[in-house]
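Please look through the structure below before reading my comments.

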Amino acid sequence: MADTVQLDVEDDVATVTVDRPDSLNALNVETLEALDDAIEEAEDADARALVLTGAGEKAFVAGADISYMAEMDVQEAEEYADLGHSVANAIESFPAPAIACINGYAFGGGMELALACDLRVASERAVLGQTEIDLGIIPGWGATQRLPRLVDDETARRLVYFGDRLDATDAHEEGLVGEVLAHDELREYVDELAAELAAQPATALQAAKEAINQSHETTLEAGLDFERRTWAGLFGSHDQREGMAAFLEDRDPKFE
Ligand code: COA
């Protein structure tokens, strides 16, 4: 893995840190490839929660690397888009919840990676935006699809058409982030949230994530069918037996 991405796995929580603070953690090809590898390694390590964050005091991820993109041709742009989509898809389909710990600037591709996470928690210092329009392009790593699914259609259009940069409070009001924390409390809070998720019954949590993901991908009928089958498939699992026995015996469950 390139040294621009760090992976730490501790107590079933994998933390992936984009570590190019001199470029505000902008994602060049090497860093994107390293991110892809880190997420795969986190999955191999059976992480029960994934945290994505940026190194340094200023940025989560300031976006795709503009100095790299400036001279790209169509072919190179397609390859770069493929790589960005691959990372975003790996986060979205990670078999445990992913939390974006947005510790500063999250622009363009940085915001798109946050959109692929299950939960977004921001520092009060964070600034977020799909700013690609200012560069004469559009979002290319998923925001035109994931943003209208997260916020309402018009909010998504306004963010993409105008490229507005929202502070954390406005981002929260618009539904882009679930919570805003004092900067100094962000990391500890996110670590606690991740630990709490890691202690949940992992099979059920993965099933819940897959079922909710389906709601963005399919018809209501197919999604309901997916839920029905996934729900039924949990019966007979250790955690289902244990969770229900613990309730009936009035004790705390011991999940796998
Ligand atoms: N790609 C490449 N390099 C970037 C970058 C990006 N997306 N964002 C920041 N950087 C680099 C700057 O070029 C600068 O490098 P340098 O020190 O070699 O000149 C360094 O990071 C620090 O950025 P700087 O602009 O000096 O910091 P700032 O605090 O004044 O402003 C931002 C920070 C994030 C507001 C500003 O850098 C910015 O607007 N970046 C572009 C964000 C963007 O549009 N991203 C979407 C890309 S699709």
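The numbered points below take up a pair of helices and then a sheet.

1. Please keep in mind throughout that this is a predicted model.

2. Two packed helices are described by the angle between their axes and the distance between the axes. In this model, helix H1, residues 29–44, packs with helix H3, residues 74–92, at an angle of about 25°, and their axes lie 10 Å apart. Angles under 35 degrees count as roughly parallel, and H1 and H3 are therefore roughly parallel to each other. Their crossing is left-handed.

3. On the H1 side, the contact is made by Val 29, Leu 32, Glu 33, Leu 35, Asp 36 and Ile 39, while H3 contributes Tyr 80, Leu 83, Gly 84, Ser 86, Val 87, Ala 90 and Ile 91.

4. Strands of a sheet pair through backbone hydrogen bonds, either parallel or antiparallel. Here six strands form an open sheet with mixed pairing, and their order is S1-S2-S3-S5-S7-S10. Strand S1 (5–10) and strand S10 (179–181) stand at the edges with a single partner strand each, so one side of each has no neighbour in the sheet. From one strand to the next, the twist averages 20°.

5. Strand S5, residues 98–102, and strand S7, residues 119–123, pair in the parallel sense over four bridges. Which residue of S7 is the bridge partner of Ala 100? That partner is Arg 120.

Technical notes: Residues are numbered from 1 along each chain as its sequence is written. This is a predicted model: local features need pLDDT of at least 70, side-chain atom pairs count only at pLDDT 80 or more; totals for chains, interfaces and linings use all residues. Side-chain values use heavy atoms; hydrogens and water are left out. Axes are lines fitted to C-alpha atoms, for helices over the stretch in contact, and angles run from 0 to 180 degrees between N-to-C directions. Helices (H or I, at least four residues) and strands (E, at least two) are DSSP runs, numbered from the N terminus. Angles under 35 degrees count as roughly parallel, over 145 as roughly antiparallel, 65 to 115 as roughly perpendicular and the rest as oblique. A crossing is left-handed if the near helix is turned anticlockwise from the far one by less than a right angle, and right-handed if clockwise. Contact means heavy atoms within 4.5 Å. Two strands pair if DSSP finds at least two bridges between them.
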